[in-house]
Amino acid sequence: MFKRIDTLIAPLVAVAFSVLFGSIILLVFGANPIETFIRMIDYASTPRSMTLILNSATTYYFSAVAVAIGFKMNLFNIGVNGQYRLATAVAALVAGYITFPGYLGIVVIIAISMLVGAAWAGIAAWLKVARGVSEVISTIMLNFIAIGLIAYLMAPTVLGVKTAENVIGTPIIPAGNRFPGVSLPTAPIPVYGMIFLAVALGFGYWYLLNRTRFGFDLRAVGMSPSAAVASGVNVKRMTVYAMLLSGAVAGLVGLPLLLGAQYTFTVNFPGNYGFTGIAIALLGRNHPVGIAFGALLWAFLDVSAQILDLTGVPREIIVIMQGVIVLSVVIAYEVTRRVKVRRQQAAVGSAGQ
Amino acid sequence: MLAVELQGIWKRFPGVIANSNINLKVEQGSVHAIVGENGAGKSTLMKILYGMQRADEGTISVNGKIVEFDSPSDSIEVGIGMVHQHFMLADNFTVLENVVLGSEPTKAGSIDFAAAKSRISEISDSYGLEIDADALVGDLGVGDRQRVEILKVLYRGARILILDEPTAVLVPHEVDELFEALRGLKSEGITVIFISHKLDEVLQIADEITVIRRGTTVATLNQKTQTVTAEQLAELMVGSELPTPETRGSTVTEQVVLLVSELTSVNSDGKAEISDLSFKIHAGEILGIAGVEGNGQSELVEAIMGTRAATGSIWINDQDASKLGTRKRRELGVAYIPEDRSRLALLLDAPLWENRILGHQTQAPNAKGIRLTPKLTKMDTKRIIQEFDVRTPGIDVLASALSGGNQQKFIVGREMSGNPILLIASHPTRGVDVGAQAAIWDELRAAREKGLAVLLISADLDELIGMSDSIKVILRGKFVADADPATVTPQQLGNAMTGALKAAN
């Protein structure tokens, strides 16, 4: 009973605090906070907005899970951006140039994307275990290298083509290689079909961490490397596996947009989902359900912010609120953790001694 | 004149009393050693004296004045300096740069290196530290670096030096050099507080020796007025008011469970931590390793568990385990009670039942194939809590919430589960209350009767003599003597441990 309340209280306090903080800023700008929030909720409740929210949340979910896998082992994968961009670019080239029979295409494309993401993260993993390079540094560097590599691949002289809007990108993906969507009633656009993959991933992530030896070893390394070593975990090997897994999941980040809406990878493909993923992983405390709520909240704020411009309120207020949520949730988690430890120590004290 | 006086110092942590009623008087211009086992409360005491922690009760006086420290900067202000066991020096800086770092003398806004340099050579000369201010720290040996650390605190005006296990990282001739330097400091009126558990070294350098046992000061001996022996100190450190652990009759069988030959492990500095250790343990046998701490016991345990690189061979139950990883060795039936439980044997932030899995990830009742089986693990955790009397409100509390003694009972319970054939136990009863100690001894005896082979490392000589079927004495990484627990006395063991005698019987 207490456990439930404990896990919910920190994010709720953080969200409440950021609403309060956002209200103050709105007042400073001369807008009525209550009216503004009601307008945002109204706007977000339309079928079109709800579809957009679910779609964004799907993308964010993949990104946050990729980051969370690293976090569970105290690895900070800042390279999700580079991993998913490169993975998506390669997947888009394969999907654009090769036609597969039936649903095989989708399976192959997803597999290739995950492999490329894993391989790119694998470089950072190798550097860490063989050369002692911090993954924070190497993954950031690899982000830049990925951008360069993509630019090369997309050059019209190499594999890229000029799209209709005169942008350089991959050939348009044929219908057979696209991931079919599902439409909400009366919505003008479909929800990404990959949302189901995101749900499956969330369950798989939970199962792997909590119900397998591998997951226990991974968490043990994260909690105490010395105890993990003494218990027989090969920490270097776990580091490589965790980075590969994180990279493989990162490889999924760009696919909902690529296979569900855009059907081409251009040089303008969104490139910052990785950082959003870090924020959402923190918000959801690396827990699959927590991350789902975090992703939905983030997407809601993103989508509903669009109405603000129309009412003359700067939409950057939402970005500020998102930042405040992350900062306050980190603080709130730490505070509740300390309270929990103190309460347990008190309980232990009364149980014996 | 007293440089430092501590009166009635108490320090409590949740579930543990680290210091109780500590009383200490340190004469000015003397070398005062503080000895005690690991976990006896030496480091907490030093942290209090250096201002890193606050005492719950008691007073600290420096040079006759009562002081209160909120942080190390307060203690530096009254002239107390600390030389840590692990050096805090930047390799790519010169001695000069390292010494001034943090308290740079300035002249017209830039660092006045010339003034600093002349002060450094002045300090170095007057105390006989023999340090070249322009040498790059990265090029210096361990002993030199230590003297740089000493110089650093003297430069900041310290008149009272605290040295935390200063000889732990030194080879013998460096120890001699350090002692030479300490004598120089003493003759200039500097007070040195020297923390150690190496009794022979303490006897060499200290004017007075205070012994700490179980968090409290039990005696202060003055080498100027009385003859102090290592055995005397060892007895004071270990105490003898404990219930006697005794095994009844021999259960030693012919079957060799652990066969170690020529085990050698060299640290990164090229120093052999253990060399050429060979021994056997049979089923039903407890082999005790006696030795003053820091003489290779931890390294021996780590080499056997496979967490430290070593040459030589290790056979467990007729299987060559020398090349196996830690997990494979554990799967052969090796149970492990490490010295440092919170660092090596527990996930402090995980619930107790998840800690049941640690070290036994691949074994029943925790796993079937690659899957974990939490239900069975939880049931078994409840069994351990009952059988081993672990005081906890439940299996979902975090391991960190338990007191040290209860953590240890839980670890012993976990490691004795699943019928191990070999137990590697470092200080299995350290830090537990007398009742739990007796329970752990009972458990070890029962397992031994059922054929468990045990490697027992303990600083408690009564425990070693009472529990072991045979005893080997380790000194500087080598076995120096065998002892028969039936006839040996703690005094004889103490002699052998300190290298005073070659054989204990």
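In which hand of crossing does α4(A) pass α12(A)? The crossing of α4(A) past α12(A) is right-handed. This is a predicted model. Chain A has 15 helices and 2 strands, and chain B has 17 helices and 24 strands. The points below take the chains in turn, then the contact between them.

**Chain A: overall form**
- The radius of gyration of chain A is 22 Å, close to the 20 Å given by the globule rule for 353 residues, so chain A is as compact as a globular protein of that length.
- Along the principal axes, the C-alpha atoms of chain A fill a box of roughly 75 × 60 × 35 Å.

**Chain A: helices α4 and α12**
- Helix α4 of chain A covers residues 80-97 and helix α12 of chain A covers residues 273-283.
- These two helices pack at an angle of about 135°, and their axes are 7 Å apart.
- α4(A) and α12(A) are therefore oblique to each other.
- On the α4(A) side the contact is made by A:Val80, A:Asn81 and A:Tyr84, which meet A:Tyr273, A:Gly274, A:Phe275 and A:Gly277 in α12(A).
- Sorted by class, this contact of α4(A) with α12(A) has 4 nonpolar residues, 3 polar residues and no charged residues.

**Chain A: a backbone feature**
- A:Asn74 has a positive phi of about 60°, although A:Asn74 is not a glycine.
- A:Asn74 sits in the loop between α3 (47-71) and α4 of chain A.
- For background, most residues other than glycine have a negative phi.

**Chain B: overall form and domains**
- A compact globule of 505 residues would have a radius of gyration near 23 Å, and the 25 Å of chain B agrees with this.
- The C-alpha atoms of chain B fill a box of roughly 75 × 50 × 45 Å, taken along the principal axes.
- The domain assignment divides chain B into domain 1 (2-238), domain 2 (241-333 + 420-505) and domain 3 (341-418).
- Between the C-alpha centres of domain 1 and domain 3 of chain B the distance is 40 Å.

**Chain B: helices α4 and α5**
- Helix α4 (residues 113-127) and helix α5 (residues 142-155) of chain B pack with their axes 10 Å apart, at an angle of about 115°.
- That angle makes α4(B) roughly perpendicular to α5(B).
- The crossing of α4(B) past α5(B) is right-handed.
- From α4(B), the residues B:Arg119, B:Ile120, B:Ile123, B:Ser124 and B:Tyr127 meet B:Leu151, B:Leu154 and B:Tyr155 of α5(B).
- By class, the contact of α4(B) with α5(B) has 6 nonpolar, 1 polar and 1 charged residues.

**Chain B: a cis peptide bond**
- B:Ala364 and B:Pro365 are joined by a cis peptide bond, with omega about 5°.
- B:Pro365 lies in the loop between α12 (352-355) and β19 (367-368) of chain B.
- In general, most peptide bonds are trans.

**Contact between the chains**
- In chain B, 34 residues are in contact with 24 residues of chain A.
- On the side of chain B that touches chain A, at least two residues each come from α10 (326-331), α11 (341-344) and β20 (371-372) of chain B.
- α10(B) gives the most to this side, with 3 residues.
- By class, the side of chain B that touches chain A has 19 nonpolar, 9 polar and 6 charged residues.

Terms used. Residues are numbered from 1 along each chain as its sequence is written. Chains are lettered from A and ligands numbered from 1 in the order in which they are written. This is a predicted model: local features need pLDDT of at least 70, side-chain atom pairs count only at pLDDT 80 or more; totals for chains, interfaces and linings use all residues. Axes are lines fitted to C-alpha atoms, for helices over the stretch in contact, and angles run from 0 to 180 degrees between N-to-C directions. Helices (H or I, at least four residues) and strands (E, at least two) are DSSP runs, numbered from the N terminus. Angles under 35 degrees count as roughly parallel, over 145 as roughly antiparallel, 65 to 115 as roughly perpendicular and the rest as oblique. A crossing is left-handed if the near helix is turned anticlockwise from the far one by less than a right angle, and right-handed if clockwise. Two residues are in contact if their C-beta atoms, placed from the backbone, lie within 7 Å. Ala, Val, Leu, Ile, Met, Phe, Trp, Tyr, Cys and Pro count as nonpolar, Asp, Glu, Lys and Arg as charged, and the others, Gly among them, as polar. Domain bounds come from an automatic or database domain assignment. The radius of gyration is taken over C-alpha atoms; the globule rule is 2.2 Å times the number of residues to the power 0.38.
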